[in-house]
Amino acid sequence: MRPFLVKCLFFLVPVLVTFGLVELFLRSVPTSYKIKDRQLAADASNVRLLILGNSHATYGLNPCDFSVDAFNIASVNQSLYFDKRITLKYLDRLTNLKYVLISVDYHSLYFSDEGVRDLWSYYGYGINYKDSLPAGARDCYLYGYKGPLALEFLARPFEKKYQRIRSVDVDYDLDLDHPYAKGYVGKVGGPYLAKDVLRQRAAFFNDIVHHSHEHDSIIADLEGFIDTLKRRNIIPILITLPCFPPFERLLDSSVMAQNAADIRAICTSRRIPYWDYFTMPLDSDCFYNADHLNEKGAGILSRAVDRRISTLADSPQAAAMLTSRCPGTYWSVRIQLCCRKCKYYIYSYNLWRLRSQPGERRWRPS
Amino acid sequence: MLFNSLQYALFLPVVFFIYWFITSKNLRLQNGFLLAASYFFYACWDWRFLFLLLFSTFLDFFSGLKIGKTEKRSKRLFWLWLSISINLGFLGVFKYYNFFATSFAALLSHMGLAVHPRMLNVVLPVGISFYTFHGLSYILDVYRRRIEPERNFIDYGLFVSFFPLLVAGPIERATHLLPQLKKPRNFDYRKTVDGMKQILWGLFKKIVIADTCARYVNAVYDNPAAMPGSARLLAAVFFAIQIYGDFSGYSDIALGTARMLGIELLRNFAYPYFSRSIAEFWRRWHISLSSWFRDYLYIPLGGSKVGTWKKIRNVFVIFLVSGFWHGANWTFICWGALNALFILPSVILKTNRNNLEIVAKGRSAPTLRELAAMALTFALTVLAWIFFRSDSLPGAFSFIAGIFSPSLFYPFPTLHLHRYFMVPLVCFFLTEWYGREDPYAIARFQLWPKTLRWAAYYAIFFYISYFSSYAPQQFIYFQF
């Protein structure tokens, strides 16, 4: 038995030492989550505007273009679940926070988990998604990141491409000469708007929405979040970011109508503004791809939003925003909702006609 | 508790050390501890089904004693059929009730009668097909006086529930395993290391090969209509590799674990994809099940020592039952029927006992004729696996039709297939070929210099770590 144990030990020691060293290295890697966590913690007392959301907000809103001190805590595929909990984590330290931009996109009200990013997010912010993360993965980065990503991290110090930023989700086409500034790093290049890619992206979002069972619970969670912010005299602003117009047409119009109705219900009941930039007219060179802005687009959008925030701040009723409606926003929502509902009814009527006459295909839904 | 999970990586060393350090002086204690560990292992899935396992074990143990006690044929037959019918009854209720109910309802609806049968909303107890077959083999062997009835419940319980083979085989025979459990077992360095190596190779097959193939296969089978013929063909080939890596990987881990504990289990796989005919394939694939059906079904039906028509009937019976054993779905039955069709010519022409030795024995490469025969056999098995993997028969036929379409020549989508996967895949086949004369592929590494050997083990270890995920994938055969 003794020779067996000694040989086992001999075999395992190099493995354990290697694993230990890799684990230490992985823990020290400055991922996008950790960078944002550190930057926000350092600047918490100055931040007046916090930007939340998924990749649309991550790449689409540049805090440096805002006249108020802003910080972008959005991350790729970040759900409202994480938006809420990350904000609550810092809320006590965000003593000057006045506005929170909550990005609500086509699929935002339909998903709460981030897939593999749940764990990456946990390593960054310490938020355990619905207490579902496996213990081994929580405690061991090597186990959690898995082989391919761990090896990629190990390789990055040797690659010039990733000399400045070595973080999760820094995959391609990011401006590596400008490391995270106020939580933001923008996409460069584009537009990548091939029809197949648009269709794939739309199918991806439609799939999330059509297979979701979380819609009501997410809305309830969001409303709770808004109430918490309002109790702290912070103005939550729901915002939808632009997408490439042909891409919009590939999304499910009934879902968009439902989204509009949901957002309207939230905004009217909570008396908060909703800024819809979904169909904002932008040149195609402002887009990185179907649903992401590049740095140029992000600059244009950020300045537009900043102007609106300035207006909001300068208006005599700004302070009263917490208790009053925003009429302009309210009516813009109503009009858009009407348009979308009409579109939906026409769609449904045509669909009904098509189904009622199976032999005669007179109309094909686009 | 899956063999490829962190829990098992902790469970096995604990069992190993208690088994060899604390209980090794006393055989009864050793067997008792293994039985307790096996029940714990099973209870990790669902402790409620432990009662079913205990009941089935006790029924066969008691029936065995009763059969052994009397010389009267009628009484022996009574206890035999009681045990068989209750065992198969459980299997029928849990595994086949919904299938029969829906099939019957469908048949009636074709006749214009609308029936809405009540479905069982119960999960299939894991390993039920395997431990039922353990029990049946024991009872049949006792009835045929091939073995004396076991009088020690712990030993018998361990034969049925020994944790490495409890949930997905190999399907052991009482004549093979029970005598081993009766003998004192001493720690053997060579056997233990051999067992560990086999576990390592099993994990490589499962985690690196099978699970990676599975990602591609699932992506294609989940949405076949959107996939070109090339992707379907690749998915069909990958599924053949996946199911081999998955099941033979499981068997390697089971055999290695048992060997570490001083117990030899029946071999389940012998490089089936290097077979030169379908008959040879079935001598090398899931050997313990094939030999079970041969001994307890095929030979009692007359085997091949009957007329041609009966021979054909026997071949179809055995393959249809084998297909049905895998699952309550017409796809499995069709898979069995297809294999029966493939094997039939060799049975009729009496060439099914050709190719008993492994291909190119003593040579490094096969001849062109052997290569062509292997390729043809592999192609036929791939075709049959399409039925095995598909959810329904129309789905399988449309999948095959999609392969043989102009889109076969389109470039196939990579579908998140790991860009370096071809490296371990090629290494896997080369290693299997290199070690095809041994019980498992890397056994031959023993002949290498120590440095090279250890480097190879580290490389395998590295690949397993690299491809492993924190959510271990189920083994395919757990569902059976």
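This is a predicted model: local features need pLDDT of at least 70, side-chain atom pairs count only at pLDDT 80 or more; totals for chains, interfaces and linings use all residues.

User: Is β3(A) buried or exposed?
Analyst: Five of the five residues in β3(A), 99-103, are buried, so the strand is largely enclosed by the rest of the structure. Tyr99(A), Leu101(A) and Ser103(A) point one way, while Val100(A) and Ile102(A) point the other way.

User: What about β4(A), buried or exposed?
Analyst: Six of the six residues of β4(A) are buried, so this strand is largely enclosed by the rest of the structure. Its Ile235(A), Ile237(A) and Ile239(A) point one way, with Pro236(A), Leu238(A) and Thr240(A) pointing the other way.

User: Which strand pairs with β4(A) over three bridges?
Analyst: β5 of chain A, residues 274-276, in the parallel sense. There, Tyr274(A) is the bridge partner of Leu238(A).

User: Zooming out, how many helices and strands are in chain A?
Analyst: Chain A has 13 helices and five strands. Of its 366 residues, 37% are buried. If you take the contacts in chain A with a separation of 6 or more, 77% of them join residues 24 or more positions apart.

User: How exposed is Ala313(A)?
Analyst: Partly exposed, because 16 other C-beta atoms lie within 10 Å. Buried would take 20 or more, and exposed would mean 12 or fewer. As for distance, Ala313(A) and Lys89(A) are 224 residues apart in sequence and 26 Å apart in space, C-alpha to C-alpha.

User: Switching to chain B, what domains is it divided into?
Analyst: Domain 1 is 25-184 and domain 2 is 190-479. Their C-alpha centres lie 26 Å apart.

User: How many residues of the two domains are in contact?
Analyst: 20 residues of domain 1 of chain B are in contact with 21 residues of domain 2 of chain B. On the domain 1 side, α4 (73-110), α5 (128-143), α7 (163-166) and α8 (174-182) of chain B each supply at least two residues. That side divides into 12 nonpolar, six polar and two charged residues.

User: Tell me about α5(B). How far apart are its ends?
Analyst: Its end C-alpha atoms are 22 Å apart, and that agrees with the 22 Å its 16 residues should span at 1.5 Å a residue. Also, 16 of the 16 residues of α5(B) are buried, so the helix is largely enclosed by the rest of the structure. Just after α5(B), Arg145(B) takes a positive phi of about 60 degrees.

User: Which residues touch the most other members of the largest nonpolar core?
Analyst: Phe159(B), Leu166(B), Phe204(B) and Ala235(B), out of 125 residues in that core. Helix α10 of chain B, residues 229-260, gives the largest share of the core, 18 residues.

User: Where does this core lie?
Analyst: Domain 1 and domain 2 of chain B both give residues to this core, so it lies between them. There's a second, separate core of 78 residues that includes Ala57(A), Leu142(A), Ala260(A) and Ile272(A).

User: What does Phe159(B) touch?
Analyst: Leaving out residues up to four places away in sequence, Phe159(B) touches His134(B), Glu172(B), Ala174(B), Leu177(B), Leu178(B) and Leu181(B).

User: Last one: how many residues of chain B are in contact with chain A?
Analyst: 12 residues of chain B are in contact with 13 residues of chain A. On the chain B side, α1 (6-22), α9 (189-222) and α18 (450-467) each supply at least two residues, and α18(B) gives the most, with four. By class, that side has eight nonpolar, four polar and no charged residues.

Note on methods:
Residues are numbered from 1 along each chain as its sequence is written. Chains are lettered from A and ligands numbered from 1 in the order in which they are written. Two residues are in contact if their C-beta atoms, placed from the backbone, lie within 7 Å. Domain bounds come from an automatic or database domain assignment. Ala, Val, Leu, Ile, Met, Phe, Trp, Tyr, Cys and Pro count as nonpolar, Asp, Glu, Lys and Arg as charged, and the others, Gly among them, as polar. A nonpolar core is a set of buried Ala, Val, Leu, Ile, Met, Phe, Trp, Tyr and Cys residues joined through C-beta atoms within 7 Å. The expected span of a helix is 1.5 Å times one less than its number of residues. Two strands pair if DSSP finds at least two bridges between them.
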